[in-house]
Amino acid sequence: MTDKLTPLRQQIDAIDAQILDLLSQRGRIAQEVGHVKAETAAPVFRPEREAQVLRGVADRNPGPLKNQDVQTIFREVMSACRALEKRVTVAYLGPAGTFSEQAVYQHFGHAVEGLPCASIDEVFRATEAGTADFGVVPVENSSEGAINRTLDLMLATTTAISGEVSIPVHHSLMTKTGSMDGVTVVCAHSQALAQCQVWLNLHHPNIERRAVASNAEAAVLASRDPTVAAIASEMAGEQYQLGVVQAHIQDDPHNRTRFSVIGSLQTSPSGRDRTSLVLAVPNKAGAVYKLLAPLATHGVSMTRFESRPARIGTWEYYFYVDVEGHRQDEAVARALEELHDNAAFFKLLGSYPVGL
Ligand SMILES: C=C(O[C@@H]1C=C(C(=O)O)C=C[C@H]1O)C(=O)O
């Protein structure tokens with residue numbers, strides 16, 4: 001067996017040497033790109049370019065590696081190259097170990113400076129103040145719907161959306177010991193408790209459920225107290241050395257959360273983009289129908305329509321609308337102009353590449 005393995009490993013060693021050499025060449029060119037950008041104070045992180053690179057590797061992938069796996073590798077290659085230009089700082093809902101942190105790495109790769117924040121408000125504040133270059137905030141969950149605080153802050157702040165990232169959300173029940181003996185309370189973020197309620201009703205109907213600031217916070221509490229169980233990601237469980245009582249307890253096995261990347265960057269077209277905006281109309285019959293007519297006129301598809309009650313003022317609801325295409329695409333630009341004219345309130349949140 002050894003005789004058969006040795007020549008194969010020699011081939012792998014030779015290929016690795018080539019890969020390393022090519023990575024170094026790529027890194028040196030990225031440094032040059034960094035110098036060019038510095039001359040014009042151009043932004044280092046270019047989400048549209050990174051999206052194109054990732055789509056390109058999937059299109060050209062000859063196998064046997066899976067598209068998703070080569071994309072993960074190239075995301076990290078770009079992340080490391082980008083860090084040679086500048087290591088971007090990204091604020092997210094902490095502490096470390098949250099799904100938000102996972103979303104940060106999925107979008108930016110690991111060569112970034114994560115800035116864990118105590119609340120969604122703080123992520124917006126850090127991003128607006130420039131303490132972080134970008135922020136990553138949850139927008140909607142496939143089981144529980146919109147994250148209202150995020151929608152409200154999108155309206156109230158000057159941040160723009162420059163990207164999106166969607167991740168599978170799997171919840172596990174974990175304790176310090178890996179068993180439920182002596183456990184009197186299950187802690188998690190209210191969204192996670194809601195996403196696991198059928199399972200909890202069935203298996204632990206009599207244990208108190210307590211909502212805390214985040215699932216990672218629940219993991220911290222469980223790591224300190226054997227009477228506390230946490231619902232959190234296994235990543236958080238590993239971070240705080242918890243034992244898994246039961247993995248994947250979320251009621252919907254396809255549960256996902258979509259995050260927005262926020263910042264001051266206005267992303268250029270990537271070829272497959274989405275545009276997010278907020279609209280309001282006076283409370284009159286047929287007003288919403290009329291408001292949206294320009295989308296149909298210009299053949300622009302709407303991929304999301306969400307309403308939020310206006311807390312003060314003249315209008316009853318704000319409508320959060322996502323459409324296919326970039327604000328610079330001709331059809332989208334025309335539709336947006338007409339929407340703007342029809343609406344009592346209009347705010348363009350941003351155009352950005354459709355997430356992988
Ligand atoms: C190298 C660049 O800078 C960054 C790094 C990229 C890369 O490594 O491919 C791509 C886009 C930018 O986020 C660039 O703008 O081309």
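Of the 356 residues of the protein chain, 38% count as buried, meaning that 20 or more other C-beta atoms, placed from the backbone, lie within 10 Å of the residue's own. This is a predicted model: local features need pLDDT of at least 70, side-chain atom pairs count only at pLDDT 80 or more, and totals for chains, interfaces and linings use all residues. Residues are numbered from 1 along each chain as its sequence is written.

**Overall build**

- The protein chain has 12 helices and 15 strands. These are DSSP runs numbered from the N terminus: H or I with at least four residues for helices, E with at least two for strands.
- Along the principal axes, the C-alpha atoms of the protein chain fill a box of roughly 75 × 60 × 35 Å.
- Among contacts in the protein chain with a separation of 6 or more, 74% join residues 24 or more positions apart. A contact requires C-beta atoms, placed from the backbone, within 7 Å.

**Helices α2 and α3**

- Helix α2 covers residues 47–60 and helix α3 covers residues 67–85. They pack at an angle of about 145°, with axes 9 Å apart.
- The axes are lines fitted to C-alpha atoms over the stretch in contact, and angles run from 0 to 180 degrees between N-to-C directions.
- The α2 side of the contact is Glu-50, Val-53, Leu-54, Val-57 and Ala-58. The α3 side is Asn-67, Val-70, Gln-71, Phe-74, Arg-75 and Met-78.
- By class, the residues of this contact are 7 nonpolar, 2 polar and 2 charged. Nonpolar covers Ala, Val, Leu, Ile, Met, Phe, Trp, Tyr, Cys and Pro; charged covers Asp, Glu, Lys and Arg; the others, Gly among them, are polar.

**Ligand shell**

- Around the ligand stand Ala-30, Val-33, Phe-45, Arg-46, Arg-49, Glu-50, Val-53, Met-78, Cys-81, Arg-82 and Glu-85. A residue is near the molecule if its C-beta atom, placed from the backbone, lies within 6 Å of it.
- Helices α1 (2–40), α2 and α3 each give at least two residues to the shell. The largest share, 4 residues, is from α3.
- The shell holds 6 nonpolar and 5 charged residues, and no polar ones.

**Cys-187**

- Cys-187 lies in strand β7, residues 185–188.
- Cys-187 is buried because 25 other C-beta atoms lie within 10 Å.
- Leaving aside neighbours within four places in sequence, Cys-187 contacts Arg-210, Val-212, Ala-218, Leu-221, Ala-222, Val-228 and Ala-230.
- Ala-213 is 26 residues from Cys-187 in sequence, and their C-alpha atoms are 9.6 Å apart in space.

Technical notes: Contact = placed C-beta atoms within 7 Å. Buried ≥ 20, exposed ≤ 12 C-beta atoms within 10 Å, placed from the backbone.
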